[in-house]
Amino acid sequence: MKRTSYHHGDLRATLMDACLRLIESEGLAAVSLRRVARQAGVSSGAPYHHFADRAALLSALSVDGFQRLAADLAAARAAAATPLAALTDLAAAYVRFSRDHPAQFRLMFRPELSQPEKHPDAHLAGDAAFEVLAESVAECVADGVLPADRAEILAIAWWSLAHGLASLWLDGQLDKRSEQMGTHTPDLVDAIMRAFTALITPAAAPD
């Protein structure tokens, strides 16, 4: 087992994947470096070559998650027809990320686990992801469809709504409401974000 730990292809990535599988199957409370090593099939000492402790591993997963989220948001923004349309597309990308990476998504918003005071990279990565949204809102301001004096508040409101929808979907509540309304959950998410966009841009024509 010791030999395996030293000759593993990409030990760091393998340990991170193993940690996510453990979270998905048993929850965050089950995570320890020893359990992650067992899940990855390496020696109990192998994780310490890359992670000083449990918090360091969870912080690395948070950083990776926020970087992936930022990339997804940037791609959605780049593909949108207009800055205003990008707001709805960004929400869809945000919610989709939470569905594709549920364990990682939940971890990313648990700073007490990753201890950002010791591992500030997670905080910086989260700010970088939020900046994609802030830049999209700034483009809407430049286009004259959003007021400049409310840009920061609207960005936080958008994030709060998208995050709430993502959390409700992960918890099964949004599926329940969608079924009651006779629609599909992705369509409901899209309709909610379009309604929100219409509320904050009453003078703008709908996309």
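**Figure 1. The surroundings of cysteine 19.** Leaving aside residues up to four places away in sequence, cysteine 19 touches Val31, Val36, Leu57, Leu58 and Leu61, where a contact means heavy atoms within 4.5 Å. Cysteine 19 itself is found in helix α2, residues 11-26. Helices here are DSSP runs of H or I with at least four residues, strands are runs of E with at least two, and both are numbered from the N terminus. With 0% relative accessibility, cysteine 19 counts as buried. Buried means under 20% relative accessible area, exposed means over 50%, and partly exposed lies in between, with a 1.4 Å probe and protein chains only.

A word on the model before we move on: this is a predicted model, in which local features need pLDDT of at least 70 and side-chain atom pairs count only at pLDDT 80 or more, while totals for chains, interfaces and linings use all residues. Residues are numbered from 1 along each chain as its sequence is written, and side-chain values use heavy atoms, with hydrogens and water left out.

**Figure 2. Histidine 50 in its loop.** Here we visit the loop between α3 (33-40) and α4 (54-79), where histidine 50 lies. Histidine 50 counts as partly exposed, with 39% relative accessibility. Its contacts include Leu11 and Arg12, once residues up to four places away in sequence are set aside. Alanine 60 is 10 residues from histidine 50 along the chain, and their C-alpha atoms are 10.0 Å apart.

**Figure 3. Stepping back to the chain.** The chain has 11 helices and zero strands, and its C-alpha atoms fill a box of roughly 65 × 40 × 30 Å along the principal axes. Of its 207 residues, 43% count as buried. Among contacts with a separation of 6 or more, 70% join residues 24 or more positions apart.
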